[in-house]
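I opened this notebook page to record what I looked up in the structure, one topic at a time. The entries follow the order in which I went through them.

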Amino acid sequence: MGHSAGAQLAALLCIDHRYLKAEGVPVDVLKGCVPVDGDTYDLPAIIMTAEIRQTVHGLPLPRFGHRAKFGNDPEKHIDFSAVTHVARDKGIPPFLILHVAGHPDVTAQARRLGAALKAADVPVNVFGATETTHNKLNADLGLPDDPATVELFRFLDPLVAAKAD
């Protein structure tokens, strides 16, 4: 589980198993993945989205955007994108992708990752939280009446029950 940049890292770790293998960690330790409001599951898409948005409005390209953060190597952009590594029958755990429903970029990224996982027959639920923000979604996780928390426990309950058996 991870929030924001941590969401990208959690998704990448659970999908691209090179990182676990490098540390000698077996893939089957992963029981589920919950990326929370990430916008970089498909790095080329978010870079293009941000740059087109600026260009259409006659504004300069972002100085501290995703291209600056991840460098200017398109091959690395693809490699650092979780969607690139989704494949059927490779032991990817179930996913619950939480995102702020009112934010078009994270919504598109969540749906993109969800679609890739679904196409690979990986169990996935994409949940768009309403009436929240990027920071509030994360801060409210764990509160009893929080809708994202309800979804989180609904996702975790069978995973915890399976481990107890």
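Entry 1, surface patch. Before looking for patches I noted the rule: a patch takes residues with over 30% relative accessible area and no salt bridge, and nonpolar side chains are joined within 5 Å. I kept in mind throughout that this is a predicted model. With that rule I found a nonpolar patch on the surface made of Met-48, Ile-52 and Val-56, which together have about 310 Å² of accessible area. I then looked up Ile-52, which sits in helix H3, residues 43-56, and is partly exposed with a relative accessible area of 45%.

I turned next to the interior, with a general point in mind: in soluble globular proteins, nonpolar side chains tend to be buried together. The largest nonpolar core here has 22 residues, and the members that touch the most others are Ile-15, Val-86, Phe-95, Leu-113 and Leu-117. Helix H1 (5-15), strand E3 (95-100) and helix H6 (104-119) each supply at least two residues of this core, and the largest share, six residues, comes from H1. I listed the contacts of Leu-117, leaving out residues up to four places away in sequence, and found that Leu-117 touches Ile-15, Val-86, Ile-92, Phe-95, Ile-97, Val-122 and Val-124. There is also a second, separate core of 13 residues, with Val-36, Phe-127, Leu-141 and Leu-152 among them.

How many disulfides does the structure hold? I found zero. Cys-14 is buried with a relative accessible area of 5%, and Cys-33 is buried with a relative accessible area of 1%.

Is His-66 buried or exposed? His-66 is buried, with a relative accessible area of 13%, and lies in helix H4, which covers residues 66-70. Setting aside neighbours within four places in sequence, I recorded contacts of His-66 with Asp-39, Thr-40, Leu-43, Ile-46, Ile-47 and Gly-71.

I checked for positive phi in residues other than glycine and noted Ser-4, where phi is about 65 degrees. Ser-4 is in the loop between strand E1 (2-3) and H1, and is partly exposed with a relative accessible area of 27%. I also noted Asp-37, not a glycine either, with a positive phi near 55 degrees. Asp-37 is in the loop between strand E2 (35-36) and H3, and counts as buried, at 4% relative accessibility.

The structure holds eight salt bridges, and I followed some of them in detail. The side chains of Arg-18 and Asp-16 meet in one, at 2.5 Å from N to O; Arg-18 is partly exposed, with a relative accessible area of 41%, whereas Asp-16 is buried, with a relative accessible area of 4%. Asp-16 and Arg-18 are also linked with Asp-79 in a network of salt bridges.

A further salt bridge joins the side chains of Asp-121 and Arg-88, at 2.1 Å from N to O. I noted that this pair links distant parts of the chain, 33 residues apart, with Asp-121 in the loop between H6 and strand E4 (124-129) and Arg-88 in the loop between helix H5 (74-79) and E3. Asp-121 is exposed, with a relative accessible area of 56%, while Arg-88 is partly exposed, with a relative accessible area of 44%.

Finally I looked up Lys-136, which forms a salt bridge with Asp-140, the closest N and O atoms being 2.5 Å apart. Lys-136 and Asp-140 are separated by about one helical turn, because they are four residues apart in helix H7, residues 134-140. Lys-136 is partly exposed, with a relative accessible area of 39%, and Asp-140 counts as buried, at 14% relative accessibility.

Technical notes
Residues are numbered from 1 along each chain as its sequence is written. This is a predicted model: local features need pLDDT of at least 70, side-chain atom pairs count only at pLDDT 80 or more; totals for chains, interfaces and linings use all residues. Side-chain values use heavy atoms; hydrogens and water are left out. A disulfide is a pair of cysteine sulfur atoms within 2.5 Å. Buried means under 20% relative accessible area, exposed over 50%, partly exposed in between (1.4 Å probe, protein chains only). Patches are made of residues with over 30% relative accessible area and no salt bridge: like charges are joined within 9 Å, nonpolar side chains (Val, Leu, Ile, Met, Phe, Trp, Tyr) within 5 Å. Accessible areas come from the Shrake-Rupley method with a 1.4 Å probe; for residues, only the protein chains shown count as cover. A salt bridge is a side-chain nitrogen of Lys or Arg within 4 Å of a carboxyl oxygen of Asp or Glu. A nonpolar core is a set of buried Ala, Val, Leu, Ile, Met, Phe, Trp, Tyr and Cys residues joined through side-chain atoms within 4.5 Å. Contact means heavy atoms within 4.5 Å.
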